[in-house]
Amino acid sequence: MAMGASAAKLHLSSAARRPSMVHLVAVAALCSLSYLLGIWHHGGFSAAPAGGAGAAVSIATAVSCASPTPTVSSSSPAGGPLDFAAHHTAEGMEAEAAPPRRAYDACPAKYSEYTPCEDVDRSLRFPRDRLVYRERHCPSSDAERLRCLVPAPKGYRNPFAWPASRDVAWFANVPHKELTVEKAVQNWIRVDGDKFRFPGGGTMFPRGAGAYIDDIGKIIPLHDGSIRTALDTGCGVASWGAYLLSRNILAMSFAPRDSHEAQVQFALERGVPAMIGVLASNRLTYPARSFDMAHCSRCLIPWQLYDGLYLIEVDRILRPGGYWILSGPPINWKKHWKGWARTRDDLNEEQQAIEKVAKSLCWKKVKEEGDIAVWQKPTNHVHCKVSRKVIKSPPFCSSQNPDAAWYNKMEACITPLPEVSDITEVAGGELKKWPERLTAVPPRIASGSIEGVTEKIFVEDTELWKKRVGHYKSVIAQFGQKGRYRNLLDMNAKFGGFAAALVDDPVWVMNMVPTVGNSTTLGVIYERGLIGSYQDWCEGMSTYPRTYDLIHADSVFTLYNGRCEMEDILLEMDRILRPEGTVIIRDDVDLLVKIKSIADGMRWNSQIVDHEDGPLVREKLLLVVKTYWTLGDNKQ
């Protein structure tokens with residue numbers, strides 16, 4: 001790079017006079033030598049000087065003898081600084097992109113909201129019993145895979161910045177009015193010109209989600225940091241999760257595809273964590289002992305049926321001492337039975353059945369107040385195991401890995417908590433209160449439950465990601481700007497260090513743990529007070545297109561090398577990335593060269609820059625900006 005810089009200086013110094021033949025030969029020789037040295041050095045990529053997005057320059061511009069001071073817009077795949085700023089709050093693109101090596105076509109308009117593993121047409125091939133057809137059913141062959149770019153709807157705009165996005169979204173981004181009609185009286189959502197407004201109402205909280213959460217807070221401790229992670233089953237537009245965020249409680253909200261048109265999509269547009277999901281036959285994609293509380297507000301899940309299978313699954317994912325909150329039918333049926341158009345006997349029978357299942361799981365009913373009922377899971381299973389002598393069903397599970405939850409079937413048995421030495425001990429170890437639990441050594445690591453992971457490794461990993469995120473912010477200036485990013489995805493989260501390093505930023509991170517690696521670390525992520533899910537990146541993710549502002553992929557392509565096609569993973573990343581979103585791919589330089597050759601045909605602008613420890617490290621970063629384009633663009 002010193003020779004490249006000399007060449008550029010030489011070019012500048014000779015620009016003011018007519019060059020002699022000797023000068024021209026010297027310049028050509030120096031440029032050629034610099035280029036060859038770059039190629040020899042791990043694929044030919046220069047170090048990225050510190051100090052902002054403009055520092056990310058490729059070797060092509062650093063040694064260019066034609067243009068010593070290049071400037072490149074966000075729509076150019078050539079070398080030069082990438083523009084990570086958001087420009088489009090309406091339609092349009094900037095400059096014309098240079099022709100990529102291989103161009104991927106735009107998918108037809110009907111795929112604008114395509115979810116590969118929850119495809120409506122494919123789902124109809126599967127049984128409707130217990131909503132099995134709404135579970136994940138991914139393309140079974142290459143012939144079923146889409147190998148095109150999922151388009152944004154015409155008129156797509158960058159979502160509003162948080163916290164404004166909690167209450168307003170662009171109509172063009174999710175052009176569905178169904179919920180505004182169906183839920184009009186419940187104050188979920190309404191259309192206001194070219195926007196949607198989210199008043200914060202819900203079926204069971206007509207005074208608003210904030211007041212409803214305050215009512216819950218009168219029953220259980222929502223304000224002292226002991227409750228951090230929550231699960232909202234059948235979430236609607238996720239107003240419960242949205243209003244918990246101001247209380248430092250992070251909710252994972254889920255609902256099935258098409259139960260109400262685009263409800264999860266609305267949640268994500270609001271900047272609230274959510275995924276497509278359903279309680280049917282498979283376990284939810286979270287490890288045991290993940291959530292501090294779980295919630296159902298008129299979620300229409302038949303908790304009392306199938307031998308209490310769905311409550312048994314909630315019990316599996318609740319941490320020791322965790323809470324389950326139920327509002328809506330059948331709670332407070334004496335007041336609401338006429339409005340619910342059901343008989344008093346029917347509702348009473350349903351409530352008694354739910355109470356019986358909860359008791360069989362050794363849960364304690366904390367309180368029923370108005371429309372809200374709360375139960376608590378025991379902190380250990382000492383008494384519960386004794387009770388099996390009297391209460392035979394459900395039995396304790398004897399074989400299945402409690403954390404296994406990727407296409408694993410639910411079972412009508414209680415997931416046993418870790419053994420304790422006395423009745424006062426919290427099974428699996430007591431968690432620190434938030435925010436201390438974020439950086440405290442998680443109990444799963446402290447107890448030696450995760451093979452090969454020590455407390456020292458965890459502490460070093462936490463510090464490493466602080467350094468790495470600091471580096472990201474130095475080469476992507478907008479990373480440090482509040483409001484530029486909101487929804488983030490970490491495709492290979494390990495212990496959640498990337499998310500932990502961003503905890504003071506107004507963002508949330510979905511921490512995915514690949515099923516092909518050491519998936520036991522997802523439990524650690526939850527013990528830190530973060531959220532995530534299992535994922536196999538050879539398949540699509542259970543989310544809508546245009547979910548994330550930034551995607552982080554650490555060693556993902558090394559992990560999946562030889563397992564599935566690189567282009568399929570990249571196309572899935574493109575599907576779930578918003579227009580003008582950012583991708584950071586950290587991997588071996590040889591893989592990054594191959595990735596870049598594909599990415600250049602996906603309307604991505606990308607550059608390879610050096611590792612934070614300098615140019616001698618084989619691991620590099622591929623920084624990407626997805627260009628803005630929509631249905632009907634001339635570019636399509």
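Colleague: How do you know that strand 1 and strand 3 pair, and in which sense do they pair?

Modeller: This is a predicted model, in which local features need pLDDT of at least 70, side-chain atom pairs count only at pLDDT 80 or more, and totals for chains, interfaces and linings use all residues. Residues are numbered from 1 along each chain as its sequence is written, and side-chain values use heavy atoms, with hydrogens and water left out. Two strands pair if DSSP finds at least two bridges between them, a strand being a DSSP run of E of at least two residues, numbered from the N terminus. Strand 1 and strand 3 (residues 195-197) have three bridges, so they pair, and they do so in the antiparallel sense. In strand 3, Lys195 is the bridge partner of Trp170.

Colleague: What makes strand 1 (168-170) and strand 2 (190-192) edge strands?

Modeller: The open sheet has three strands in the order 1-3-2, with antiparallel pairing, and strand 1 and strand 2 are its edge strands, since each pairs on one side only.

Colleague: Why is strand 10 (residues 372-376) called mostly covered?

Modeller: Buried means under 20% relative accessible area, against over 50% for exposed and partly exposed in between, with a 1.4 Å probe and protein chains only. Five of the five residues of strand 10 are buried, and therefore the strand counts as mostly covered. Ile372, Val374 and Gln376 are buried on one side, and Ala373 and Trp375 on the other.

Notes: Helices (H or I, at least four residues) and strands (E, at least two) are DSSP runs, numbered from the N terminus.
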